[in-house]
Amino acid sequence: MKKDKIHNIRHSLAHLLAMAVKEKDPEVKFAIGPTIDNGFYYDFEFSEGFSLSDKDLKDIQKRMKKLVSKKIDFVEKEITEKEALEIFKDQPYKLELIKEFAQENKKITVYESGSFTDLCEGPHIKNTEEINTDAFKLTRLAGAYWRGDEKNIMLTRIYGIAFETKEELGEYLTRQEEAEKRDHRKLGKELDLFCFSSIVGAGLPLFTPKGTVIKEELQKHIEKVCRNYGFQTVITPHLAKIDLYEISGHAKKFGKELFHVSSEAGHDFVMKPVQCPHQTQIYASRPRSYKDLPIRYMESEKQYRAEKTGEVGGLNRVYAITVEDGHTFCTPDQVKNEIIGLVNIIKDFYTALGLWDNHWVSLSVRDYAHPEKYIGEPEDWDLCEEMLQVVSNELGLNAKRCEGEAALYGPKLDFMFRDAMGKEVQIPTVQVDFATPKKFNLLYTDKNGIEKHPVMVHRAVLGSYERFMALLIEHFAGAFPLWLSPIQVRVLPIADTHKKYAAEVFEKLKNSEIRAEIDDSNETLGKKIRNCKLQKIPYFLVIGDKEIEDKTVTIESRSRGNEGSISVDKLVEKFNKEIKEKK
Ligand SMILES: [Zn+2]
Ligand SMILES: [Zn+2]
């Protein structure tokens, strides 16, 4: 197996980490030590009475640097199961792995570096002189279950990061610092956008009035765009009989991720994991003709997934997800145009937010080796995959074919963006589905009076509101554009004598549907301005003698500073223009 140099450096540092830890705790038990994005980790079970704190990481790091300077060779050796069982006789985790390898008839290799031997399939660097001692750092300690299973023992994990050069490490750390400042969990609290309650439960975010404004503005915007395109809003309940998902195939697909709800009266429901099956039943409620198609439904409603308890956190992993979801029912010849129309909506939406420049598109097709993972006919799949490829070419999307990434019922175009941490997030999606309409026996009569199945196109533009808000908070570092800002402008009277006029200005703004606040506290102007900046309010208006005399306000912009004096009417006009343009 050939891997690049940085992988080998990171992997070798994991071994050096184990060596350094062994110097401190000679009886330590080793679990595994793989590479990860930007670095590596190793999991340990310490001997009784031994423990580490963050302080100790510095010392272990120092020991690692010392080991690097000793120019230690990494030597690969293939050994038999019997030899392996002897070498690792005091290492229970390694023994477990060795027995598994033997069962799978995998060859067993070890790497020796100095006095240390690790069960490992490599590859590694040849000698520690390939490691730059200024380009790695141990970052933190964490708990981790053996094999990620909470029924197993909790081990101690030590994380490290590593690069080829000191500069790369420096850049990474700077980026990380910036990302921490932008972290949506931190900003969500500081800007009072959402919260959690231990009584409500983890994984169930509560949106405050300010956070709700952002969600509602997003919803208004996306629904307007989609309504202009022909979508109609529908409402469906959060519960359904399991039968619905047995027909759609979601019962099998989500399995343990479904929430079940029952009552003493004998009800037995599941919380909906997706919206599509409910919407098919609105389509099915009346006879449909080819003249009615395409029919487009959308809703921004909650879906529920029973994520593993340890995996929820912030807005990115939650149990109740508000999904902006839509479905088109159309004839096979309408599909191509429909995909083009939907991709254009996605493009416009993300361009306006400044996110489009930094995207790539995945043409997510099936895993050809495992057809049993999907529903539907192979011919339909071929047709859909071909169609998406054609659209990608025509629109210049340059989509990358990703095998095994398709949905249960069909292939899709997935749009990927990078968040503030540089991590990839997949949000919008357009999916072609011949299978679901057949499963639910959805029909329309064609020109010749023959009954046929429509095609279903699933689409999400902003997807989950929770994840999208996390992305936006981090993308804008909390400084939302005017149209999304919970508070758009704050009025700041300098002294008591200015409060009456300030209140008039505030009333006028409120009546013009501008989200305004007034700070008529007795704080100094400097303090009031600082508060505006901390809350990242896009504009504030300073009111003093001159403004009262001229019947104006002085505008200060968050990003551009003083913008001079202007009448309130002109100010409202300026705001409305900026809100409409969504800059
Ligand atoms: Zn290794
Ligand atoms: Zn759907």
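The model is predicted, so local features need pLDDT of at least 70 and side-chain atom pairs count only at pLDDT 80 or more, while totals for chains, interfaces and linings use all residues. Residues are numbered from 1 along each chain as its sequence is written, chains are lettered from A and ligands numbered from 1 in the order in which they are written, and side-chain values use heavy atoms, with hydrogens and water left out.

**The domains**

Begin by colouring residues 5-176 as domain 1, residues 194-233 + 294-475 as domain 2, and residues 482-581 as domain 3. These bounds come from an automatic or database domain assignment. Between the C-alpha centres of domain 1 and domain 2 there are 40 Å.

**The zinc ion (ligand 1)**

Next, select the zinc ion (ligand 1) together with H11, H15, C120 and H124. The coordinating atoms are NE2 of H11, H15 and H124 and SG of C120, at 2.1 to 2.5 Å. Donors are N, O and S atoms within 2.8 Å of the metal (3.2 Å for Na, K and Ca); water is not among the atoms, so sites may look incomplete. The spacing of the donor residues in sequence is H-x3-H-x104-C-x3-H.

Now show helix α1 (residues 5-24), where H11 and H15 are about one helical turn apart because they are separated by 4 residues. An α-helix has 3.6 residues a turn, so residues three or four places apart point the same way. Helices (H or I, at least four residues) and strands (E, at least two) are DSSP runs, numbered from the N terminus. Both H11 and H15 are buried, a term for under 20% relative accessible area, with exposed meaning over 50% and partly exposed in between (1.4 Å probe, protein chains only).

H327 and H458 are both buried.

Select helix α10 (residues 276-283) as well: 6 of its 8 residues are buried. These are C276, P277, H278, Q279, T280 and Y283.

**Aromatic rings**

The structure holds 23 aromatic pairs. Rings of Phe, Tyr and Trp (its six-membered ring) pair if their centres lie within 6.5 Å; planes under 30 degrees apart count as stacked, over 60 as edge-to-face and the rest as tilted. Select F349 and F468: the pair is tilted because the planes meet at 40 degrees, with the ring centres 5.9 Å apart. F349 lies in helix α11 (residues 335-352) and F468 in helix α14 (residues 465-475), 119 residues apart. Both F349 and F468 are buried.

Then select W356 and F415, a tilted pair with planes at 35 degrees and centres 6.0 Å apart. W356 is buried at 13% relative accessibility, and F415 is buried at 0%. Finally among the rings, display F30, Y42, F44, F46, F50 and F116, which ring pairs link into a cluster.

**Charges over rings**

End with K215, which lies over the face of Y465 at 5.0 Å from the ring centre, and K253, whose charged end is 5.5 Å from the centre of the F254 ring. A charge sits over a ring if NZ of Lys or CZ of Arg is within 6 Å of the ring centre and within 35 degrees of the ring normal.
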